[in-house]
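Subject: Structure for you to look at

Hello,

Here is the structure I said I would pass on. Please open it and keep it beside you while you read.

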Amino acid sequence: MNGSKGVEFSDTHHNVSDPFEQIGPKLKDAREARGLDLLEAAKQSEVPRLAAEAMEMENFSYFDSPVYAKSFLLRYSEFLEVDAHTWLDALEPGSFMAS
């Protein structure tokens, strides 16, 4: 998960009008509503800080595979009580292409 060789949404799943683009702000807003900074939220959710930051910035290319992205998104969204089912469904291996 070094960001140099990551995954990204394929063009068929990621475009300007796509609701998947909304997950980052939802996660960040939920974290801020709890009064947590990124480091504390990462620590409490047991998600690496850089992974949490990547998800809040919608930078899924940070993750080496959709399995990692899905796992961390599930953990982080459950911790923040954000419904991420739509995004989790989209993070299937066929939704990504290597960059």
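Below is what I found, going from the overall layout to single residues.

**Overall layout**

This is a predicted model. The protein has five helices and two strands. Along the sequence they follow the pattern β-α-α-α-α-α-β. The protein has 99 residues, and 42% of them count as buried. I also looked at contacts between residues at least 6 apart in sequence. Of these, 70% join residues at least 24 apart.

**Helix H2**

Start with H2, which covers residues 38-45. Leu-38, Ala-41, Ala-42 and Ser-45 are buried in this helix. Look down the axis of H2: the buried residues fall within an arc of 100°, so they line one face of the helix. On the other side of H2, Leu-39 and Lys-43 are exposed.

What covers the buried residues of H2? The cover includes three helices: H1 (23-33), H3 (49-56) and H4 (66-80).

Now check the ends. At the start of H2, a side-chain oxygen of Asp-37 comes to within 3.3 Å of the backbone nitrogen of Leu-39. Just after H2 comes Glu-46, with a positive phi of about 60°.

**Helix H4**

H4 has 15 residues. At 1.5 Å a residue, H4 should span 21 Å, and its end C-alpha atoms are 21 Å apart, which agrees.

The buried residues of H4 are Pro-66, Ala-69, Phe-72, Leu-73, Tyr-76, Ser-77, Phe-79 and Leu-80. Seen down the axis of H4, they fall within an arc of 165°, so they line one face of the helix. Val-67 and Glu-78 are on the other side of H4, and both are exposed. After H4 comes Glu-81, whose phi is positive, near 60°.

Lys-70 also belongs to H4. Is Lys-70 partly exposed or buried? Its relative accessible area is 28%; buried means under 20%, so Lys-70 counts as partly exposed. Lys-70 and Asp-89 are 19 residues apart in sequence. Their C-alpha atoms are 8.7 Å apart in space.

**Aromatic rings**

How many aromatic pairs does a search of the whole structure find? It finds three. One of them is Tyr-62 with Phe-63. This pair is edge-to-face, at 5.1 Å centre to centre, with 85° between the planes. Tyr-62 and Phe-63 are both buried.

Phe-63 also pairs with Phe-72. Their ring centres are 6.1 Å apart and their planes are at 35°, so this pair is tilted. Phe-63 and Phe-72 are both buried. Phe-60, Tyr-62, Phe-63 and Phe-72 form one aromatic cluster.

There is one more ring to find. Arg-34 lies over the face of Phe-79, at 5.2 Å from the ring centre.

Met-55 has a relative accessibility of 0%, so it counts as buried. What does Met-55 touch, not counting residues up to four places away in sequence? The list is Gly-24, Leu-27, Val-47, Phe-60, Phe-63, Phe-72, Leu-73 and Tyr-76. Three of those names, Phe-60, Phe-63 and Phe-72, belong to the aromatic cluster. Met-55 and Phe-72 are 17 residues apart along the chain, and their C-alpha atoms are separated by 8.6 Å.

Then go to Arg-31, in helix H1. Is Arg-31 buried or exposed? Its relative accessibility is 7%, so Arg-31 counts as buried. The Arg-31 side chain makes a polar contact with the side chain of Glu-56, at 2.7 Å. Leaving out residues up to four places away in sequence, Arg-31 touches Leu-36, Asp-37, Leu-38, Ala-41, Glu-56, Tyr-76 and Leu-80. Among them, Leu-38 and Ala-41 are buried residues of H2. Tyr-76 and Leu-80 are buried residues of H4.

**Where to start**

Then pick out the aromatic cluster of Phe-60, Tyr-62, Phe-63 and Phe-72. Finish with the side-chain contact between Arg-31 and Glu-56.

Best wishes

How values were computed: Residues are numbered from 1 along each chain as its sequence is written. This is a predicted model: local features need pLDDT of at least 70, side-chain atom pairs count only at pLDDT 80 or more; totals for chains, interfaces and linings use all residues. Side-chain values use heavy atoms; hydrogens and water are left out. Rings of Phe, Tyr and Trp (its six-membered ring) pair if their centres lie within 6.5 Å; planes under 30 degrees apart count as stacked, over 60 as edge-to-face and the rest as tilted. Buried means under 20% relative accessible area, exposed over 50%, partly exposed in between (1.4 Å probe, protein chains only). A charge sits over a ring if NZ of Lys or CZ of Arg is within 6 Å of the ring centre and within 35 degrees of the ring normal. Helices (H or I, at least four residues) and strands (E, at least two) are DSSP runs, numbered from the N terminus. The arc is that of the directions from the helix axis to the C-beta atoms. Contact means heavy atoms within 4.5 Å. A polar contact is a pair of N or O atoms within 3.5 Å; within protein, one must be able to donate a hydrogen and the other to accept it, and residues adjacent in sequence count only if both atoms are side-chain atoms. The expected span of a helix is 1.5 Å times one less than its number of residues.
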